[in-house]
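Have a look at the sequence and the coordinates, then read on.

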Amino acid sequence: MNYLNAIFWDYPEFTDPNTIRRHLLKLGNQRVRRWLLKRFLEHGRVVDTLQFFRLDIISQELAQLNLRPYTYRKWKRITEVYAQSQGK
């Protein structure tokens, strides 16, 4: 089963991991990168999100993404806990 179907059910072109990686590698494409990150944070599993985005990037972008309150709190906590565990 393709886990990306749950995140991009309405954008079938993004159900291919290589398409996502190509968009993330493009320089100067901050709007698309944030859109992709928001989709992953709102609809994806943590394990899948971390395949494409580092925790420090997620932590830096959280405030700018206009996430649902539950999603914001969830990812804020995840970034705090895992940042502490990586710092040890």
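Which helix supplies the largest share of the lining of the largest pocket? That is α3, with 4 residues. Helices here are DSSP runs of H or I with at least four residues, numbered from the N terminus.

Before going further, a word on the basis: this is a predicted model, in which local features need pLDDT of at least 70 and side-chain atom pairs count only at pLDDT 80 or more, while totals for chains, interfaces and linings use all residues. Residues are numbered from 1 along each chain as its sequence is written, and side-chain values use heavy atoms, with hydrogens and water left out.

**The pocket**

The largest pocket has a volume of about 270 Å³. Its lining is made of 14 residues, and Leu 24, Arg 33, Phe 52, Phe 53 and Ile 57 lie nearest the centre. At least two lining residues come from each of α2, α3, α4 and α5. For the method, a pocket is an open set of points on a 1 Å grid over the protein atoms alone, where a 1.4 Å probe fits, with protein on both sides within 12 Å along at least five of seven lines; lining residues have an atom within 4 Å of a point. Points are joined across faces, edges and corners, and the volume is the space filled by probe spheres set on them.

**Salt bridges**

How many salt bridges does the structure hold? There are 5, each being a side-chain nitrogen of Lys or Arg within 4 Å of a carboxyl oxygen of Asp or Glu.

| Arg 39 | Asp 10 | 2.5 Å |

Arg 39 in α3 (residues 30-43) and Asp 10 in the loop between α1 (4-7) and α2 (17-25) are 29 residues apart. Arg 68, in the loop between α5 and α6 (69-87), is 26 residues from Glu 42 in α3.

Arg 39 is buried at 10%, whereas Asp 10 is partly exposed at 38%. Arg 34 is partly exposed at 29%, and Glu 61 is buried at 13%. Arg 68 is partly exposed at 46%, while Glu 42 is buried at 12%.

**Rings**

Arg 39 also has its charged end over the ring of Trp 9, 4.7 Å from the ring centre; the criterion is CZ of Arg or NZ of Lys within 6 Å of the centre and within 35 degrees of the ring normal.

The structure holds 8 aromatic pairs. Phe 40 and Phe 52 form one that is tilted, at 5.1 Å centre to centre and 40° between the planes. Phe 40 lies in α3 and Phe 52 in α4 (residues 46-52), 12 residues apart, and both are buried. Rings of Phe, Tyr and Trp (its six-membered ring) pair if their centres lie within 6.5 Å; planes under 30 degrees apart count as stacked, over 60 as edge-to-face and the rest as tilted. Ring pairs join Phe 40 and Phe 52 with Phe 8, Tyr 11, Phe 14, Trp 35 and Phe 53 in a cluster.

Definitions and conventions
Buried means under 20% relative accessible area, exposed over 50%, partly exposed in between (1.4 Å probe, protein chains only).
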